Amino acid sequence: MIAKAPSDPTELRDHLARRDVLRGAALLTLVLGVPAHALVANPTGVSGHQMALLRQVCKLVIPRTDTPGAGDVGVSEFVVLALDHGLLGDGQADHLVWLEHVLGANFATIGAAQQVDRLGAIDRAAFPAGPPPATPSPWRRIKGLILTGYYTSEAGASRELQYELVPGRFDPDLPLHPGDRAWSSDWTAVDFG
Amino acid sequence: MAHEFDAIVVGSGITGGWAAKELTEAGLKVLMIERGRDIQHGDYPRETKAPWDLPFRGEGDQTLYTSDYAVQRLNRHFTEFTQDHFVNDRENPYVTADDTRFTWFRSYQLGGRSLTWGRQCYRWSDYDFGANARDGRGTDWPIRYADLAPWYDKVESFVGVSGAHEGLAQLPDGKFQPAMALNVVELAMRERIRAKWPERVLTIGRTANMTEAKPDEGRANCQYRSICARGCSYGAYFSTQSSTLPAATKTGRLTVMTDKVVEAIDYDPATRRVTGVRFIDTKTKARGMATARLVFLNAGAFNSVHVLLNSANAAMPHGLGNSSGVLGTHIMDHANTLSGLAEVPGFEAHTTFGNRPTGIVIPRFRNMDRLDGRGHTRGFSYQGGALQSGWTRGKREAGFGTDFKHDLREAGAWRMVLVGFVECMPRATNRLTLDRTRTDANGLPLLKVDFAFGAEEHAGMVEAHETAKEMLEAAGGRFLFGSTEPGAGGTAIHEMGGARMGHDPATSVLNKWSQAHDVANLFVTDGAQMSSSACQNPSLTYMALTARAAHAAVGMLREGLI
């Protein structure tokens, strides 16, 4: 149930740091075909272009429908914060640089259908049928953070889905109808689902 | 000499709370001393927060977790909502032997791990208390089920344990509140498994979450939030704060000291009795001491061993109560992993409401009346449950856009999880020592853990995996994943042993009353006393042993024996 890692805190910290650097570097080399050190050392944080790109990607992943979308509730800011604090393990710079690279410099200027095509190709490659790939695409992490950011926002958790902190009872078998909204406050489903 | 207290209880967790309650209710003046901070019942600042109220939406600041919570973060119950109920690993280091790992999950605070525990409450049976005698591994328990049964009755009634009566010899029934219900999928799995293997019984977890309120004790019934480790201001699960501390406080005979770590227990070789404890204020580093007629050590298995080892003196150079030389040895933790995960089709039109704070259990069915385990002589059991996937499944799936959003709006497929718990053999080589070359912020030597699973646990994990797969598939599940590899020692958070109970003072630390063979007024009633591990959760047994030991100690005190 729990990730394998050394138990000595110092050793474990070093292990995690090594693992992340190595994995990040390998990925970048693999995906971009360029030496990773040129990218992972980027100390300047997030550029305006990266931020705009991320916001657009958030809108594409979870669009506005009868409820707000990921572009409406600050998900891109959450993704940047989470990447900056190592949520899911890697630094932000390499992910956003990677995203810029794979989506192309002209992504903002192409039409919506083309944007969907381009993101679709990345998404399909990142989620192949069968077991997860040994070296996962950075897109899996970015998309995961977008989903977390959206479904833990007030609108995503309590309007798109349902949220009830104090159910007060347990019903073990109720009919489920098409269109019934799932419970964002079903913590077991969040953990194991 | 004049003593300040009748008894000192070291630690305020599950067993410390019970010791304080039982001793004060018997008329003793008690000091309970806790190394961590004070937490008042109800003072759980993140209990009612929503994910969007927290900066990291419940997932926490991973930069901070990497630097300060490198071990605790691996605990499933450790989240941004609960992080203040776990120790800071950077400030509380320990070491592991070369090429070994041990994830030591700790909560240094008033209430200890009673605030964060898994709440599963299972009686042990004579298959368990007789295990060491049967296969000759470890030392025989000096007690059997009959010795403990009335104490199980007592603690279950007070704790408030909900569960179902099943009439199983290997998991005796107890004084239960009405059971929480199996959900629709679990109920079907129970019936399908039983139809094929009558001896394999899937039943609801027996949990210290109440289905009936105890208004006289200020405790409400469970609200089905399943956010227990944040702290529960309803008092619906058993913790020191919700249960034993109010009872002990009510007697007017309890003194509580927090932020004081016990450095050592003082021993008088002339009387062969302990006289009290020495402690360090963790904030000011000032030293202090307190005296008492008897000492109950309830610091948590490993920390109780630490105190005993660090209490070595001229008369007992290898540690207090360690004339046998076995102090620190034979530590255990259940080998534990996700044995099987399956998707269960056929229930797409069914759902549940509310968050039940317990899963299911399938008690052991191997090595009972005949030895039929493959490569091992002890037991294994499962915990787990059936659940409906939520939005997080989107992280595993291709897709985005409006259709994707609409798909994630609805509950996903039903899944059944079986987590295996394999009994851990008691081994002399699995042991705790003090590393006197390194010290913590209080100047105390670091605890060194040397622990590895052996052939029996690995064989049990293999069988637990194969059997989980066999049951899930026979019950209509589509098997997805399962492991045979146990998590690091400590993963089950059932670390125990180190001051084992036994008949013989030459080979054990404690007698059948949890009393040190060497020191009549010293009792160790937490997990350190365990001589074997069984394969079910141990906390209820620690509580029953604590209540029993407290009763015995008070009797000895009154008779002038100690």
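**Helix packing and the A–B interface**

Q: In this predicted model, how do helix H3 (residues 48–61) of chain A and helix H6 (residues 112–126) of chain A cross?
A: Their axes cross at roughly 85° and come within 11 Å. The model is predicted.

Q: What does that make H3(A) relative to H6(A)?
A: H3(A) is roughly perpendicular to H6(A), because angles of 65 to 115 degrees count that way.

Q: Which residues make the contact?
A: From H3(A), A:Gln56, A:Val57, A:Leu60 and A:Val61. From H6(A), A:Gln115, A:Val116 and A:Leu119.

Q: How does the contact of H3(A) with H6(A) split by class?
A: Five residues are nonpolar and two are polar. No charged residues take part.

Q: Next pair. At what angle do H6(A) and H7(A) pack?
A: About 105°, and the axes are 9 Å apart. H6(A) and H7(A) are therefore roughly perpendicular to each other.

Q: Which residues of H6(A) and H7(A) touch there?
A: H6(A) brings A:Leu119, A:Ile122, A:Asp123 and A:Ala126. H7(A) brings A:Trp139, A:Arg140 and A:Lys143.

Q: And how many of them are charged?
A: Three are charged in the contact of H6(A) with H7(A). Four are nonpolar, and none is polar.

Q: Switching to the interface. What area is buried between chain A and chain B?
A: About 7000 Å². Carbon and sulfur atoms give 62% of that area.

Q: How many residues does each chain put in?
A: Chain A puts in 79 residues and chain B 82 residues.

Q: How many salt bridges cross between chain A and chain B?
A: Three. B:Arg409 forms a salt bridge with A:Asp66, with the closest N and O atoms 2.9 Å apart.

Q: How many residue pairs are in polar contact between chain A and chain B?
A: The count is 32 residue pairs.

Q: Which elements of chain A supply at least two residues to the side that touches chain B?
A: Among them are helix H1 (9–32), H3, helix H4 (75–84), H6, helix H7 (138–151) and strand E1 (171–175).

Q: Which one gives the most?
A: H7(A), with eight residues.

Q: How does the side of chain A that touches chain B divide by class?
A: Into 42 nonpolar, 18 polar and 19 charged residues.

Terms used: Residues are numbered from 1 along each chain as its sequence is written. Chains are lettered from A and ligands numbered from 1 in the order in which they are written. This is a predicted model: local features need pLDDT of at least 70, side-chain atom pairs count only at pLDDT 80 or more; totals for chains, interfaces and linings use all residues. Side-chain values use heavy atoms; hydrogens and water are left out. Axes are lines fitted to C-alpha atoms, for helices over the stretch in contact, and angles run from 0 to 180 degrees between N-to-C directions. Helices (H or I, at least four residues) and strands (E, at least two) are DSSP runs, numbered from the N terminus. Angles under 35 degrees count as roughly parallel, over 145 as roughly antiparallel, 65 to 115 as roughly perpendicular and the rest as oblique. Contact means heavy atoms within 4.5 Å. Ala, Val, Leu, Ile, Met, Phe, Trp, Tyr, Cys and Pro count as nonpolar, Asp, Glu, Lys and Arg as charged, and the others, Gly among them, as polar. Buried area is the accessible area (1.4 Å probe) that two parts lose on being put together, summed over both. A salt bridge is a side-chain nitrogen of Lys or Arg within 4 Å of a carboxyl oxygen of Asp or Glu. A polar contact is a pair of N or O atoms within 3.5 Å; within protein, one must be able to donate a hydrogen and the other to accept it, and residues adjacent in sequence count only if both atoms are side-chain atoms.
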